[in-house]
Amino acid sequence: IYYRGKSMDTKNLTTFIYVAELRSFTKAADRLGFSQSTVSFQIKQMENELGCQLFERINHTVQLTEKGREVLEYAHQINRMTRELKDSMKEETASGYIRLAMADSLCTSLLSRDFLHFRELYPNIALKIIAAGTEEMFRLMNHNEADAILTLDNHIYNTEYRILQEEKVRTFFVAGADTEIASASSLSIEELLLQPFILTEKGMSYRRLLEEKLAELSLEIQPVLEIGSTELICSLVEQGAGISFLPEYVIKDRVKAGTLVCLPVSGLEIHVWKQLLYHRNKWVSPQMEKVLQYCVDREFR
């Protein structure tokens, strides 16, 4: 690779990507199996060749400069083209370990049906699912402890992240089809709150948005049960144990089957956004690309 008539070592580019992703010379050295001095030398060599500073080093923290961000874009392109060249020369099976942080309620829809087919196609890819709240997901991604995240929350936009796919999701109050409240033609918010609620854990995505909306009206819910499993919540609601507040993708099959009913509540419409994101500094490896495509195919189509 040539820049301004000088050759640039691709090994230096790889080191640069690792430092940018991990935000640490020490962690990059550990991951690459180099000494820290070797990593520092390679970055310094790149800075001398390009004639610009790539990182700011302040109080033991490492951050990309604006020029560093620009170089990172090119480094990813070079890595991608190198990978495509190698792939064109030989048939290679994607392999590796991918960490995906996501809303707990999305786990069932992501893995319940097509995962066996995914495993048949890519038997050498190991997938780790980390169920977490939105704030924790972003913490994991920012510290490179998750490769990508699948959120269900307010719409998120930040130039630090790449949004691979997104869609707006409707939410509904639901009751068992055989319960008395299921036959109501309309319900006020106050009438609704007289019912026993079964909800996901406090502070989790769409429940948090519901509570924020109610707080604006000086109202609150005191659930009789809080639990992470939306499958169990649906089952209990079907049995008449209470009502719940859930996104459309969780309830649509049961509503279609006639076991759950969406309640006609006026004055409380809440939408959430499903978004698949990864950090802009993250190198999308072949195995990560396959996992991201699986998420798109399963959750957004």
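Helix α10 passes helix α11 in a right-handed crossing, a crossing being right-handed if the near helix is turned clockwise from the far one by less than a right angle, and left-handed if anticlockwise. The model is predicted: local features need pLDDT of at least 70, side-chain atom pairs count only at pLDDT 80 or more, and totals for chains, interfaces and linings use all residues. Residues are numbered from 1 along each chain as its sequence is written, and side-chain values use heavy atoms, without hydrogens and water. Helices (H or I, at least four residues) and strands (E, at least two) are DSSP runs, numbered from the N terminus.

**Helices α10 and α11**

- Two packed helices are described by the angle and the distance between their axes.
- The axes of α10 (residues 230-238) and α11 (residues 248-257) come within 11 Å and cross at roughly 40°.
- Axes here are lines fitted to C-alpha atoms, for helices over the stretch in contact, with angles from 0 to 180 degrees between N-to-C directions.
- From α10, Thr-230, Glu-231, Cys-234, Ser-235 and Glu-238 meet Val-250, Ile-251 and Arg-254 of α11 (contact: heavy atoms within 4.5 Å).
- The residues of this contact divide into 3 nonpolar, 2 polar and 3 charged (nonpolar: Ala, Val, Leu, Ile, Met, Phe, Trp, Tyr, Cys and Pro; charged: Asp, Glu, Lys and Arg; polar: the others, Gly among them).

**Asp-153**

- Asp-153 lies in strand β7 (residues 148-153).
- Asp-153 is buried, with a relative accessible area of 3% (buried: under 20%; exposed: over 50%; partly exposed: in between; 1.4 Å probe, protein chains only).
- Its side chain makes a polar contact with the side chain of Thr-134 (2.5 Å) and another with that of Arg-208 (2.5 Å).
- A polar contact is a pair of N or O atoms within 3.5 Å; within protein, one must be able to donate a hydrogen and the other to accept it, and residues adjacent in sequence count only if both atoms are side-chain atoms.
- Not counting residues up to four places away in sequence, Asp-153 also touches residues including Ser-205, Leu-209, Val-272 and Trp-273.

**Glu-160**

- Glu-160 sits in the loop between β7 and β8 (161-176).
- Leaving aside neighbours within four places in sequence, Glu-160 contacts Arg-23, Arg-69, His-279 and Arg-280.
- The side chains of Glu-160 and His-279 make a polar contact (3.5 Å).

- Strands β3 (residues 55-58) and β4 (residues 61-64) pair in the antiparallel sense over 4 bridges (pairing: at least two DSSP bridges).
- Ile-58 stands opposite Thr-61 in β4.
- The hairpin has 2 residues between the strands, and Asn-59 takes a positive phi near 50°.
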